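Please open the model in your viewer and keep the selection panel at hand.

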Amino acid sequence: MILIGQYDSSFVRRVGIALRLYGLPFEHRPWSVFAEGDKVQAVNPLMRVPTLVLDDGDVVADSSSILDHLDGLVPPEQRLLPQAEPARRQALKVMAFATGLADKGVSLFYELHLHETPSAFFVERCRLQISTVLAALEAERAARPGPYWFGRITHADIAVACAWRHVGEAHPGLIDPAAYPALAAHCAGMEALPVFQDISQPFIAPA
């Protein structure tokens with residue numbers, strides 16, 4: 001398989017981490033949708049990452065769809081998503097909040113840096129959405145002791161840590177770790193894992 005996209009994207013990174021944890025071999029092509037958009041679009045007409053090219057040449061786009069496909073390649077007991085309720089539903093909620101956080105971080109960056117005159121209303125709205133979802137995730141994580149959200153590493157743990165790092169690096173000073181101690185400790189623990197250190201890239205602003 002071939003994973004397309006740079007690891008400074010939380011969406012690409014969480015797929016790369018899942019592939020590594022599953023022990024699934026893959027090639028990584030760190031193409032930028034800005035600098036190498038023509039290469040990305042030749043594979044994915046949406047010109048978006050992550051994009052996963054399967055061994056048979058078929059393409060899976062969107063990180064959620066990719067992870068769903070990867071989960072189907074391993075036995076249920078090895079999947080990085082809890083299979084029993086209510087843990088499954090709860091993990092999906094955490095994942096939705098985390099990917100929404102990452103989305104808002106991307107939207108805020110584009111508004112501030114790619115528009116000649118950013119919309120003050122939109123900027124404030126994104127910042128409010130970021131702070132409120134962080135507060136919700138903080139409350140969720142503080143209620144769950146241990147190194148992982150659901151007792152073992154899951155897609156939820158990965159998504160939160162990847163989004164936290166991306167938003168923090170794209171918007172220095174926006175997130176105050178002291179305001180979210182449970183989240184900060186969780187993400188620091190995840191970043192200390194060898195797979196997080198291997199599948200990693202500092203944020204590179206699009207140009």
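**Ring contacts**

Begin by selecting R141 and W149, where the charged end of R141 sits over the ring of W149 at 5.5 Å from its centre; a charge is taken to sit over a ring if NZ of Lys or CZ of Arg is within 6 Å of the ring centre and within 35 degrees of the ring normal. Before moving on, note that this is a predicted model, in which local features need pLDDT of at least 70 and side-chain atom pairs count only at pLDDT 80 or more, while totals for chains, interfaces and linings use all residues. Residues are numbered from 1 along each chain as its sequence is written, and side-chain values use heavy atoms, with hydrogens and water left out.

The structure holds three aromatic pairs, where rings of Phe, Tyr and Trp (its six-membered ring) pair if their centres lie within 6.5 Å, and planes under 30 degrees apart count as stacked, over 60 as edge-to-face and the rest as tilted. Select F34 and Y110 for one of them: the ring centres are 6.0 Å apart and the planes stand at 75°, so the pair is edge-to-face. This pair links distant parts of the chain, 76 residues apart, with F34 in the loop between β2 (27-29) and α2 (37-43) and Y110 in helix α4 (residues 87-113); helices (H or I, at least four residues) and strands (E, at least two) are DSSP runs, numbered from the N terminus. F34 is partly exposed at a relative accessible area of 39%, and Y110 is likewise partly exposed at 32%, given that buried means under 20% relative accessible area, exposed over 50% and partly exposed in between (1.4 Å probe, protein chains only).

Next select W164 and Y180, an edge-to-face aromatic pair with 6.5 Å centre to centre and 90° between the planes. W164 lies in helix α6 (residues 155-170) and Y180 in the loop between α6 and α7 (181-191), so the pair ties together parts that are 16 residues apart in sequence. W164 is buried at 13% relative accessibility, and Y180 is buried at 12%.

Which residues lie closest to the centre of the largest pocket? Of the 32 residues that line this pocket, select S9, V33, V49, V106 and Y110, which are the closest to its centre. A pocket is an open set of points on a 1 Å grid over the protein atoms alone, with protein on both sides within 12 Å along at least five of seven lines, whereas a cavity is a set of points where a 1.4 Å probe fits but cannot get out; lining residues have an atom within 4 Å of a point. The volume of the largest pocket is about 800 Å³, a volume being the space filled by probe spheres set on the points, which are joined across faces, edges and corners. Helix α4 gives the most to this lining, with five residues.

**Cavities**

The largest cavity holds about 60 Å³, and its lining includes Y7, D8, R13, R165 and E169, with α6 giving the most, at four residues. For the second largest cavity, of about 30 Å³, select S10, F11, R14, A98, T99, A159, C162 and A163.
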